[in-house]
Amino acid sequence: MSNDIQKADQIAHRFYTKLCLVVSNARTTAEPRSQGKPDKWFNLETPDLDLFKDHLRIYRAVSSSPTPPPFELQVLLSIPESTTNQVLVYLAPDSSRIRIDPIPRYILLENWLLSFTPGFSQTHHNDEPGDVAPSTIYKHGIPLFRSLFSLLRILPSWKLFMKLRRRMSTPYRNGNLSIQLRIKGFDDGLSDILNFGKSHTLRFKPQKPRGAHVRFCALAFPIRMTWHNAL
């Protein structure tokens, strides 16, 4: 049984790692410094960039450690420092240009949350959590990450990512506009982030902001994990 728990811990840790890799592959505009062998976990090849290695250490043994905090991966649009004759505008659905003032340093585009809950609810047909084999856990992850891979390519941020990546090789380089990832809750020096629901001065008639929330089902581990996305 202890061997199964160790394997389940390894798979759980790979859920956090794979989430970073899959999101980075579809959102980060900076060219990777180096690429080794691709990560093939959950039958999905992604560049293995060794992202957030130190940040993910606390999720290596979730079954035996104190309950770790929710893992919150943010997708940020980085805004370059503006000159005196530059402004930041939002192109509204009616094609009107809306000025945002003051100009934030970062704008939150998406928020991916992966949470861990010790044990498993007794409402799930009274199954014992320990009866879930590690091989079954792994198989559950395959369609999950394939769905995530596809979802990332139909969300609005995908078009922005593709536009920025195509122009990264030009001399202007989009005025240094870029998309990057960060893990919320760590002191990484990033500040002045325009978050969801945060008030900024918009020089137009206020409208109700639009967004979306996608929730993935909990997976049956000897531990319980749920995750969802907000954008």
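1. Ring pairs join Phe15, Trp41, Phe42, Tyr138 and Phe145 into a cluster. Rings of Phe, Tyr and Trp (its six-membered ring) pair if their centres lie within 6.5 Å. Over the whole structure, the search returns ten aromatic pairs.

2. On provenance: the model is predicted, local features need pLDDT of at least 70, side-chain atom pairs count only at pLDDT 80 or more, and totals for chains, interfaces and linings use all residues. Residues are numbered from 1 along each chain as its sequence is written, and side-chain values use heavy atoms, with hydrogens and water left out.

3. The protein has three helices and nine strands. Helices (H or I, at least four residues) and strands (E, at least two) are DSSP runs, numbered from the N terminus. Read from the N terminus, the order of elements is α-β-β-β-β-α-α-β-β-β-β-β.

4. Of the 231 residues, 41% count as buried, where buried means under 20% relative accessible area (1.4 Å probe, protein chains only). Among contacts between residues at least 6 apart in sequence, 78% join residues at least 24 apart; contact means heavy atoms within 4.5 Å.

5. Helix H1 (residues 2-27) packs with helix H2 (residues 134-151) at an angle of about 10 degrees, the axes being 10 Å apart. Axes are lines fitted to C-alpha atoms, for helices over the stretch in contact, and angles run from 0 to 180 degrees between N-to-C directions. H1 and H2 are therefore roughly parallel to each other, since angles under 35 degrees count as such. On the H1 side the contact includes Asp4, Lys7, Ile11, Phe15 and Val22, and on the H2 side the residues include Ile137, Tyr138, Leu144 and Phe145. By class, this contact holds twelve nonpolar, two polar and three charged residues. Ala, Val, Leu, Ile, Met, Phe, Trp, Tyr, Cys and Pro count as nonpolar, Asp, Glu, Lys and Arg as charged, and the others, Gly among them, as polar.

6. H1 also packs with helix H3 (residues 156-166), here at an angle of about 60 degrees and with axes 8 Å apart. Asn25, Ala26 and Arg27 of H1 meet Ser157, Trp158 and Phe161 of H3. The contact has three nonpolar, two polar and one charged residues.

7. Arginine 153 sits over the ring of phenylalanine 149, 3.6 Å from its centre, and arginine 105 over the ring of tyrosine 106, 4.8 Å from its centre. The criterion is NZ of Lys or CZ of Arg within 6 Å of the ring centre and within 35 degrees of the ring normal.

8. Serine 178 belongs to strand E5 (residues 178-183) and is buried, with a relative accessible area of 19%. Beyond its neighbours within four places in sequence, serine 178 contacts Thr29, Leu76, Leu77, Ser78 and Leu164. Leucine 164 is 14 residues from serine 178 in sequence, with a C-alpha to C-alpha distance of 6.8 Å.

9. Isoleucine 98, in strand E3 (residues 97-101), counts as buried at 3% relative accessibility. Its C-alpha atom is separated by 8.3 Å from that of leucine 88, ten residues apart along the chain.

Terms used
Phe/Tyr/Trp six-rings, centres within 6.5 Å; stacked < 30°, edge-to-face > 60°. Parallel < 35°, antiparallel > 145°, perpendicular 65-115°, else oblique. Buried < 20%, exposed > 50% of the residue type's maximum accessible area, 1.4 Å probe, protein only.
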